[in-house]
Amino acid sequence: MNDSDHAGDRTREENINDAFVRVAGTLVESYDVVDLLSTLVNTCTRLLGVQAGGILLADSTGDLELVASTSEEAEIVEIMIVAAGAGPCIDCYRTGATVSVQDIAADADAWPRFRRTALEQGFRATHATPLRLHGEVIGAMNLLSTVTGALSARDAQLAQALADVATVGILHERSFRQPEAVTAQLHLALDTRILVEQAKGVLAQVRSCTMTEAFTALRDYARGHDTTLRAAAEGVVNRTIPAEALVTQAS
């Protein structure tokens with residue numbers, strides 16, 4: 001994983017500016033934590049030249065749950081991490097520090113279940129970034145690469161900066177809630193993630209597009225119609241929003 005600049009003639013600065021605008025844009029109007037974190041991890045994978053990623057978010061008791069992922073392979077890895085209670089994201093969350101593994105295959109002693117599952121899904125390196133603010137850690141983002149190597153120092157800093165923006169948004173929204181509402185927020189996020197995955201599947205089948213393109217179409221529809229990602233996904237799944245209304249955006 002090297003310094004990234006993956007948009008042809010566009011400069012790195014333009015790509016970075018777009019990334020911050022994209023993530024910050026989810027914090028206005030119809031706030032949706034799944035939209036925010038899905039945008040964060042999808043933006044990071046595109047900008048930093050990794051192939052997949054996932055985000056774990058903690059509830060009020062400190063238990064982690066998968067709330068966003070970019071692919072089925074990444075989801076399998078992250079679900080295994082939660083089930084095993086061990087892996088880069090877990091250590092990242094517990095310590096509040098980044099955890100980078102340049103060669104998963106060579107790191108035989110650490111997290112054996114993570115190592116086995118990650119390699120089975122085709123991943124060779126990983127970089128976990130904490131979602132933290134002033135010492136409070138609320139989750140972690142795991143970026144997965146199919147080639148060995150570490151993120152460059154500036155790419156690691158960029159991943160942290162984007163994660164910080166998302167963390168500020170989540171904690172700001174939580175500041176208006178009662179403590180017990182944090183768990184309710186996470187449960188709603190998990191329900192939303194399931195709906196989003198179902199809607200992405202419908203769109204991908206109708207349009208024969210990728211799941212990433214389907215998510216982009218779903219998100220753009222929600223923003224264009226001043227509604228939440230959850231409402232748009234529910235509409236697609238329940239057929240109250242025709243998939244054809246979104247497929248042109250997925251092309």
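In which loop does Trp 111 lie? In this predicted model, in which local features need pLDDT of at least 70, side-chain atom pairs count only at pLDDT 80 or more, and totals for chains, interfaces and linings use all residues, Trp 111 is placed in the loop between strand S3 (99-101) and helix H5 (112-120). Residues are numbered from 1 along each chain as its sequence is written, and side-chain values use heavy atoms, with hydrogens and water left out.

The protein has 10 helices and 5 strands, where helices (H or I, at least four residues) and strands (E, at least two) are DSSP runs numbered from the N terminus. Of the 251 residues in the protein, 50% are buried; buried means under 20% relative accessible area, exposed means over 50%, and partly exposed covers the values in between, with a 1.4 Å probe and protein chains only. Among contacts (heavy atoms within 4.5 Å) in the protein between residues at least 6 apart in sequence, 66% join residues at least 24 apart.

Helix H3 (residues 72-84) has 13 residues and spans 18 Å from its first C-alpha to its last, close to the 18 Å expected at 1.5 Å a residue, the expected span being 1.5 Å times one less than the number of residues. The buried residues of H3 are Ala 74, Glu 75, Val 77, Glu 78, Met 80 and Ile 81. An α-helix has 3.6 residues a turn, so residues three or four places apart point the same way. After H3 comes Gly 85, whose phi is positive, near 70 degrees.

His 127, in strand S4 (residues 125-133), counts as buried at 4% relative accessibility. Its C-alpha is 7.4 Å from that of Ala 150, a residue 23 places apart from His 127 in sequence. When neighbours within four places in sequence are left aside, the residues in contact with His 127 include Thr 98, Val 99, Met 141, Leu 143 and Ala 156.

Helix H8 (residues 211-224) takes part in a pairing with helix H2 (residues 33-48), in which the axes come within 12 Å and cross at roughly 135 degrees. H2 is therefore oblique to H8, since angles under 35 degrees count as roughly parallel, over 145 as roughly antiparallel, 65 to 115 as roughly perpendicular and the rest as oblique; axes are lines fitted to C-alpha atoms, for helices over the stretch in contact, and angles run from 0 to 180 degrees between N-to-C directions. In this pairing, Asp 35, Ser 38, Thr 39, Asn 42 and Arg 46 of H2 meet Thr 212, Phe 215, Arg 219 and Arg 223 of H8. The residues of this contact divide into 1 nonpolar, 4 polar and 4 charged, with Ala, Val, Leu, Ile, Met, Phe, Trp, Tyr, Cys and Pro counted as nonpolar, Asp, Glu, Lys and Arg as charged, and the others, Gly among them, as polar.

H8 also packs with helix H9 (residues 229-238), at an angle of about 115 degrees and with the axes 8 Å apart, so H8 and H9 are roughly perpendicular to each other. Phe 215, Leu 218, Arg 219, Tyr 221 and Ala 222 of H8 make this contact with Leu 229, Ala 232, Ala 233 and Val 236 of H9, and its residues divide into 8 nonpolar, no polar and 1 charged.
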